[in-house]
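Biologist: I would like to learn how to read a sheet and some ring contacts in a model. Please show me the case at hand.

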Amino acid sequence: MCGIVGYVGESQAAPILLEGLAKLEYRGYDSAGIAVYDGVQVYMKKAMGRLKVLSELTHDGELMPGTIGIGHTRWATHGAPSDTNAHPHFNKDESIVVVHNGIIENYLKLKKRLTEKGYEFVSETDTEVIAHLLDYYYKGDPLEAITKVMHRMEGSYALGILFSDHPAELYAVRKDSPLIVGHTKDGSIIASDVPAVLRYTRDVVFIQNEEIVRLTKENMEFYNIDEEPIKKETTHIEWDVNAAEKGGYEHFMLKEMYEQPKAILDTFSPRIKDGQIVIEELGMSDEEIKSIKKIMIVACGSAYHVGMTAKYVYEGLARIPVEVDLASEFRYRDPIIEEGTLLLIISQSGETADSLAALREAQEKGARVLGIVNVVGSSIAREADNVMYTWAGPEIAVATTKAYTAQLIAQYLLAMKFAHVRGLLDDMGLAGMIEDLKKLPAQVEMLLNNKNRIQRFANRYLGAKDIFFIGRGIDHAISLEGSLKMKEISYVHSEAYAAGEMKHGTISLIEEGTLVTAVLTQEALYKKMISNMVEVRTRGAFVMSVTNVDNTEAERASDYVIYIPKTNKYFTNSLAIIPLQLFGYYVAVGRGCDVDKPRNLAKSVTVE
């Protein structure tokens, strides 16, 4: 959620820090700050709100001279958003400066000990504890002080550290929170995510747990927690720099919705060879696939909704029992993981703290873990037994669209593979599904091009206070995601319900003019869904339905119908979600909301 950038070299640091932090704004934040050292004085500026406030205070960095510095965008975890609680943080004589992503779980215990030793705290953050703890252990050797602090801290952290009596050195430390480093043409740079460095370098090193980096303008030296030198490999980043720009669209979210056809194509194309599903990174033989007794899916937010869809696909196609868990709840039910269990961890960033914790819990209990992530080299990608990447590219808007869609495609591919290997999907059936899969990009593009009609409808509901989404079976899963899109970007209260449950209590909320969005793409459930739509409509609801192009019967129970093209019954969510994404987007735009950066939300949730 928070963002880190650091630089040491020949150029002025402040403009580089500000630009790097701007590339990390998608992670969500409530305040920002930078510290720059000119060899004599450490200049620090911090401010609540958007990064532009900090840029204006520093005249885009011109008021902060120096060629070494660190910067941070903060999403509050300890202490309310304020200038004081914003990072960076000093030690007592302002000779050590720290920025931090993550949470120090034992900070109160450490703070109590430091207070007893005479240290005074000016903020409410756990990060200031790190600065004072470094001060306590520092005897002139930064590496020694850092390792001693690491041995005493519990929790997650990525750190950027500057010592004023080592003016040519910048330090970076990582445990359970992402951090990368790389060389620029005239120095070295650290960041918490790739977009912050793409202008300066495409060759980066991913720092792993309990590793330390000493950076100078010429070199990067890597150490483990025992201060032993280690060697690291460089990764070349292929992303197009322009992928992080809006490209003429009003918002990143709209741009990324229009990138969904490409995300779908890029995710399935490399895995279809000679009419077969080939997922080399799965690392499982046919015999191992046949021996799967249960699939457990663990995820958060939209990725959890992908898991809910996947449950129907795996069970329907491959006849493998599936459990779906919210990652934040997974560990606390002491899950039973039996032999033959394959656990899927789904995450866009690959850094989601709850999902990482679930991954480790599952591995301790003996599960084989497959990570399905979008970010190459991320923590889940490295720690899972195997990883299947979704090739959605960088996603800047906080509310996911194309990453969610790519995750759905990954589930379809796996389910088709499993079903074919287990003899439940013959060659002809597989060929038919592959053909339907190949049609999805063009079908999604067609639905996106219908945006004007959806925008006109959305404008009628800018003042809505409550919107309900209903569906049965796989359509209930897509209703969950449609509802989330609405509430997270437009701030309109919305809920998703299994349509058959409405009459068990929820229908009492329906009153004259209430909007109910009904999703009915499963032919076997048409009649039951139409009955549920009639139930709410007769009680005053206005019903918008999303259904297959041949289901004209839905018109008699709806006030407004959106048709999706014909496809395989397991793939309908990839099409039905498009009008729901557009609907939520245009309601949010019409209400004047910050679509790309919804309040209180963050893109990458790296704390529990």
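Modeller: Note that this is a predicted model. Begin with the open sheet of 7 strands, whose order is β5-β6-β7-β8-β12-β13-β14, with antiparallel pairing.

Biologist: How many bridges join β8 to β12?

Modeller: Strand β8 (residues 170-175) and strand β12 (residues 211-215) run antiparallel and are joined by 5 bridges. To place one of them, take Ala 172: its bridge partner in β12 is Val 213.

Biologist: Which helix packs on the sheet?

Modeller: Helix α4 (residues 127-137) does, touching β5, β6 (96-104) and β7 (155-163). The direction of α4 makes about 130° with that of β6.

Biologist: Now the rings. What describes a pair of aromatic rings?

Modeller: Such a pair is described by two quantities, the distance of the centres and the angle of the planes. In this model, a search of the whole structure finds 14 aromatic pairs. One of them is Tyr 412 with Phe 571, at 4.7 Å centre to centre and with 35° between the planes, a tilted pair.

Biologist: Where do Tyr 412 and Phe 571 lie?

Modeller: Tyr 412 is in helix α13 (residues 402-421), while Phe 571 is in the loop between β27 (560-564) and α18 (572-590), so the pair ties together parts that are 159 residues apart in sequence. Tyr 412 and Phe 571 are both buried.

Biologist: Why is the pair of Tyr 461 and Phe 542 tilted?

Modeller: The planes of Tyr 461 and Phe 542 are at 50°, with the ring centres 5.9 Å apart.

Biologist: Are Tyr 461 and Phe 542 buried or exposed?

Modeller: Tyr 461 has 10% relative accessibility and counts as buried. Phe 542, at 16%, also counts as buried. Both belong to one aromatic cluster, formed by Phe 457, Tyr 461, Phe 542, Tyr 560 and Phe 583.

Biologist: Which charged residue lies over the face of Tyr 491?

Modeller: Arg 599 does, at 3.9 Å from the ring centre. Lys 92 lies over the face of Tyr 119, at 5.0 Å from the ring centre.

Key: Residues are numbered from 1 along each chain as its sequence is written. This is a predicted model: local features need pLDDT of at least 70, side-chain atom pairs count only at pLDDT 80 or more; totals for chains, interfaces and linings use all residues. Side-chain values use heavy atoms; hydrogens and water are left out. Rings of Phe, Tyr and Trp (its six-membered ring) pair if their centres lie within 6.5 Å; planes under 30 degrees apart count as stacked, over 60 as edge-to-face and the rest as tilted. Helices (H or I, at least four residues) and strands (E, at least two) are DSSP runs, numbered from the N terminus. Buried means under 20% relative accessible area, exposed over 50%, partly exposed in between (1.4 Å probe, protein chains only). A charge sits over a ring if NZ of Lys or CZ of Arg is within 6 Å of the ring centre and within 35 degrees of the ring normal. Two strands pair if DSSP finds at least two bridges between them. Contact means heavy atoms within 4.5 Å. Axes are lines fitted to C-alpha atoms, for helices over the stretch in contact, and angles run from 0 to 180 degrees between N-to-C directions.
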